[in-house]
Amino acid sequence: MGQPQSVPSGKAIPPVSNSIPGKVRQAASPSGGSPLHLPPMAASSSRKSPFVSSNSTDHKVESSQLTNKAAELARHDVESTRATNLSPADGRAEGSRRVSLTTSADDASPGGGRRASKFGPLLERETVDIEKLRDVAWSGVPTESRALVWKLLLGCSAVQQTRRDAVVQRLRREYQDCVPRVLEADRGEYEEGQHRQISVDMPRTNPNVQLFQDERVQQCLLRLLFVWAMRHPGTGYVQGMNDLATPFFCVLLCDAVGCTDIPETSEGISDEILNHVEADTYHCLSRLLDAVQDHYTFAQKGIQKKVFELRRLTRRVDSALVEHLEEIGIDFLQFSFRWMNCLLMRELNMPCVLRLWDTYISE
């Protein structure tokens, strides 16, 4: 495939939001790496949210000190992830294997069967009761229903059955129409830097799942992350967002091809299916990131507040532990920054992540 054709100067993509101050201009990784080629899209036939930060006065943190620590930890996190998760030879995960969307506990648990029986009647209604669905999904979503439930809860599908297909198709067309405009638009230093950083991050995206070492899948992720970055210049792409796209991609791809084990490659999967999964992933990821944008703006204030909340909660339930950590000079930011930045994506295996995200999304 050839390179995208240039267009007359001045052609630009209208941003989704410019309201976030402090544009994050992510520099290229010092490790270098050549950007992936972006081919044109193939032709297609009562609970408190864990995302929303509290406005409590308890959150008056020492911002300058935390900001410096956050920046240092972000740089360290990238290097440590590269060193521990990737093989020096080719960047592939060591010991990677086929990954299931479900855990053995899900299959064996009587409660799992009871939960599954609650979703059928809800999803079969002419109009889904979205609040009831949120309440039920908070305790876990059956594998066979997860793709639809996530899209409904995120607003990426219609609650009325008669409108569901039309809404999904409209969102897919919206994304597919946007892609060529983004790829063909003139790029300045900022745009090239964003593209380069996403390209460099692709080989280390969720390296324990072999699917994300597949070139076609990496191109899908690169494309949707770049489109998102160009449409959200207030934040732009920040390292860690690539991992946040992977649960959506896994769930939506398995639903599209009808399997419960995550494929190891894209071999045998049509361009049409991949294009649909890419578009659906883009919209689901966009809705998720809309809720946590302050995690990725200048100084990452959202993450700092979450770390402060974790420290405050831990002090309430185990003050001796907090005092011990303080005595030996360990700050919560040192070990929990990555937890908040990647929503525990790098601490848990994929089946556990999906179960945790059922609760995230239900909020």
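Is Leu 344 buried or partly exposed? Leu 344 is partly exposed, with a relative accessible area of 24%. In this predicted model, Leu 344 also adopts a positive phi of about 65° without being a glycine. The count of salt bridges comes to 12, and several of them are described below.

- Leu 344 sits in the loop between helix 14 (332–341) and helix 15 (350–362).
- Asn 206, likewise not a glycine, has a positive phi of about 40°.
- The loop between helix 7 (189–201) and helix 8 (215–231) contains Asn 206, which is buried at a relative accessible area of 11%.

**Salt bridges with a buried partner**
- Asp 201 pairs with Arg 204, with 2.8 Å between the closest N and O atoms.
- Asp 201 is buried, at 2% relative accessible area, and Arg 204 counts as buried at 10%.
- Asp 243 and Arg 346 form a salt bridge with an N to O distance of 2.8 Å.
- Because Asp 243 belongs to helix 9 (residues 241–244) and Arg 346 to the loop between helix 14 and helix 15, this pair ties together parts that are 103 residues apart in sequence.
- Asp 243 counts as buried at 3% relative accessibility, whereas Arg 346 is partly exposed at 24%.

- Arg 315 and Glu 326 form a salt bridge, their closest N and O atoms being 2.6 Å apart.
- Arg 315 lies in helix 12 (residues 301–317) and Glu 326 in helix 13 (residues 319–327), 11 residues apart.
- Arg 315 is partly exposed at 35% relative accessibility, as is Glu 326 at 47%.

Key: Residues numbered from 1 in each chain as written. Predicted model: local features only at pLDDT ≥ 70, side-chain atom pairs only at ≥ 80, totals over all residues. Heavy atoms only, no water. Helix = DSSP H or I, 4+ residues; strand = E, 2+ residues; numbered from the N terminus. Buried < 20%, exposed > 50% of the residue type's maximum accessible area, 1.4 Å probe, protein only. Salt bridge = Lys/Arg side-chain N within 4 Å of Asp/Glu carboxyl O.
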